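Hello,

Here is the structure we talked about. Please open it first, then read the notes below.

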Amino acid sequence: MSLIHIENLAVYAGNTELLAPISLTLEKGQRLTILGQTGSGKSLLAQAIMGNLPNSLRTEGRVTLFGEEVNAKQRQRFWGRRISMLPQEPWNSLDPLMGAQQQLEQTYRMVAGESAANAQQKAAYTLALQGLQDSGHKRVDQLSGGMAQRVAIACAMAGGAPVLLADEPTKGLDVSRRDQVVQQLMSQSKQGALITITHDVAVARQIGGRMMVIKSGELLEQGNTSDILSAPQHPFTKALIEADPVNWPDKTPASSHKTPLVEVQDLTIGRGNKALSKHLNFTLHQGEVVGVVGDSGCGKSTLGDTLLGVHQAMEGTILRHSQAPLHQWQKLYQDPTAAVSRAVSLATLLEDTVKLHKIDRARIAPLMRQLGLDEALLQRNSEGVSGGELQRFCMLRALLLDPVFLFADEPTSRLDPITAKEVSQLLVDVAKQNGCAVMLVSHDPDLIEKRCDRVIRLDA
Amino acid sequence: MISSLSRTQKTGAGLLLLLVAYAIFGPMLQNGDATAQDLNHILTPPNSEFWLGTDHFGRNMWIRLADALQLSLMMAALCVLTSAVIGVTAGVLAATGGRWLDRGLDALVTMILALPGLVLVLIFAAIVPGSFWMLYVAISLIQWIEYFRVSRAITQRLTRSPEVQSSKLMGFGQWYIFRRHYWPAIAPQLFTIAAFGAANAILMMASLGFVYVGIQPPLAELGLMIVEHFPYYSDAPWLLAQPLLLLALVVLACHLMGRGRTQ
């Protein structure tokens with residue numbers, strides 16, 4: 001008897017097909033990874049399997065769980081006990097007012113039906129297994145992202161459900177935490193079935209098992225994960241795999257650029273009265289791409305703000321060897337939608353910049369072609385374009401100012417892998433052409449490795 | 001613009017438009033004026049000659065109500081405009097200017113808030129009784145605070161946001177940042193505050209008229225009319241009902257306008 005058997009499951013909004021019919025079967029001990037970009041309909045599939053799609057959407061097809069054909073409403077009685085879902089950004093699904101252990105305890109009592117004493121014992125034991133024995137009393141806001149994720153997974157598994165659906169379980173985590181979460185999912189699912197939804201090729205590779213590749217609601221390819229990853233058939237799958245920084249071609253060797261731009265001596269940076277990083281010494285040269293890495297909260301963004309003069313240094317000196325005016329020291333933001341006004345069209349914003357600095361309009365068109373930006377895009381405002389397009393628009397604006405220094409604060413972390421690859425490549429190319437120094441912040445060591453000439457490591 | 005309004009808001013706007021039309025064009029449809037007395041025709045019930053009847057001095061109620069409504073709407077419009085301009089300017093300056101400016105304005109606002117609003121207006125109104133302009137100053141003095149607090153909170157959040165930092169790095173000045181970042185964030189909130197503020201201004205003026213420190217007779221004012229007609233409630237109940245109903249309708253129109261944006 002298979003745990004999950006799905007026949008021609010499809011999702012519609014009115015008459016529009018959001019997810020083309022998909023069939024799949026999972027036996028005990030099997031793992032399935034659904035790979036696709038943001039907006040490809042992966043989460044819809046998970047919700048359709050769970051049976052918690054919004055009422056405005058309609059599903060078709062048959063779902064058989066544990067040998068029993070059940071409709072969406074009947075599936076609710078399986079929730080938690082036989083099929084469980086780990087939603088995206090799980091810290092949002094934990095109770096913000098309750099301690100971690102208390103939540104887990106309640107799950108054992110209410111969902112699994114344990115006695116109070118048993119539930120308490122099991123909760124304490126599970127937390128200790130996760131290495132969280134000292135954090136049982138902490139609320140979500142006191143836990144780090146990785147810890148909250150482990151608590152959420154423990155809660156999702158507490159009901160003893162043999163089938164676990166994990167929707168982007170590693171989104172926004174850095175590499176070491178990502179690996180931990182994947183390990184935990186794998187060990188939890190040995191006795192049942194695991195469906196993982198992700199856009200991260202590295203996660204798919206670790207989980208193994210079978211794989212389905214989805215693009216705009218269509219199933220492109222399915223088979224063994226190792227087969228697909230080593231010999232992808234569909235061009236989209238190829239692009240997705242190539243976009244994983246591990247598979248990027250190595251960078252062109254750095255040309256020797258020895259004109260110093262900024263010299264930093266014994267710099268201490270911090271927010272408020274708290275020093276984040278101490279005794280930094282380095283020199284940036286023109287046309288150089290320098291990576292900045294370090295754990296979250298070690299002051300990567302603060303370093304940028306301090307170099308740009310937005311933020312006061314706590315100690316030490318920053319020596320600028322260039323007389324370039326302030327507007328040639330620019331920054332790219334992690335979340336471009338937060339860095340651009342949504343009140344007016346992009347064309348108006350561009351026009352504002354051109355007027356303020358009397359930029360030659362003839363330069364715009366070639367630069368836009370190089371960045372792959374379409375003229376028509378400018379008529380929309382920042383909410384009407386995708387994150388990748390907006391980030392490229394930000395680059396366009398910054399590059400028109402002929403920057404001598406560009407601080408790029410995780411410029412690709414919110415973009416899907418294919419766009420991330422393009423954007424980071426463009427950034428490096430354009431910077432080198434214009435002799436602009438780039439500081440690239442990222443939590444992805446592979447990206448830093450493939451894009452940067454050298455690396456500055458910050459320690460908290 | 002109109003299509004972005006909710007059904008509730010459209011109802012409110014329609015009602016308000018009707019009331020404005022009555023206030024402006026109403027008096028033209030009947031002869032006479034608001035203060036002309038005719039003691040031969042006191043407490044006339046509504047008829048074909050006097051559409052809404054006459055009061056205890058035989059004054060034409062159709063014209064008096066229109067006059068009173070005109071006064072109330074004018075007061076509301078002036079107060080909303082003044083307090084919005086002052087409040088938003090002060091709010092943005094407090095959030096972007098120096099620390100001392102922010103503290104000073106905050107102290108001032110706290111002091112004003114420590115007094116009940118209506119008491120403050122009463123004090124002002126008692127200084128120069130019956131002055132429309134004194135009432136206007138007093139009501140605006142209370143109402144700018146809401147605009148101030150909302151604009152200050154929004155601007156404070158934005159000053160530290162990436163979008164403002166980015167614009168500053170590109171060399172744009174404060175006025176540009178206000179136009180492109182602060183104002184677009186503040187403006188949608190203003191509409192709601194303005195709608196409720198207008199209703200409050202009208203109610204405040206009527207309250208003052210009711211306790212005889214607002215607009216003085218023989219001018220027509222809704223609150224004043226209510227207290228003037230009160231002694232005749234058993235002889236002419238329709239007379240007392242008219243200003244009450246009109247007041248309720250104006251306030252309702254304003255409140256309906258303020259609804260819907262948040263959903």
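**Two helices in chain B**

In chain B, helix 2 (residues 61-96) packs against helix 7 (residues 174-210) at an angle of about 145 degrees, and their axes lie 8 Å apart. Axes here are lines fitted to C-alpha atoms, for helices over the stretch in contact, and angles run from 0 to 180 degrees between N-to-C directions. Helices (H or I, at least four residues) and strands (E, at least two) are DSSP runs, numbered from the N terminus.

Helix 2 of chain B crosses helix 7 of chain B in a right-handed way. A crossing is right-handed if the near helix is turned clockwise from the far one by less than a right angle, and left-handed if anticlockwise. Helix 2 of chain B contributes residues including B:Ser72, B:Met75 and B:Val88 to the contact, and helix 7 of chain B contributes B:Phe178, B:Leu190 and B:Met205 among others. Two residues are in contact if their C-beta atoms, placed from the backbone, lie within 7 Å. The residues of this contact split into 16 nonpolar, 5 polar and no charged. Ala, Val, Leu, Ile, Met, Phe, Trp, Tyr, Cys and Pro count as nonpolar; Asp, Glu, Lys and Arg as charged; the others, Gly among them, as polar.

**How the model is read**

This is a predicted model: local features need pLDDT of at least 70, side-chain atom pairs count only at pLDDT 80 or more, and totals for chains, interfaces and linings use all residues. Residues are numbered from 1 along each chain as its sequence is written, while chains are lettered from A and ligands numbered from 1 in the order in which they are written.

**Where the chains meet**

18 residues of chain A are in contact with 12 residues of chain B. On the chain A side, strand 15 (329-332), helix 11 (336-339) and helix 12 (346-357) each supply at least two residues. That side has 12 nonpolar, 5 polar and 1 charged residues.

**Chain A**

Chain A has 16 helices and 18 strands. Its C-alpha trace spans about 75 × 50 × 40 Å along its principal axes. Among contacts in chain A between residues at least 6 apart in sequence, 72% join residues at least 24 apart.

**One residue to look at**

A:Val111 sits in helix 3 (residues 100-111) of chain A. Leaving out residues up to four places away in sequence, A:Val111 touches A:Gly80, A:Arg81, A:Ala158 and A:Gly159.

Best wishes
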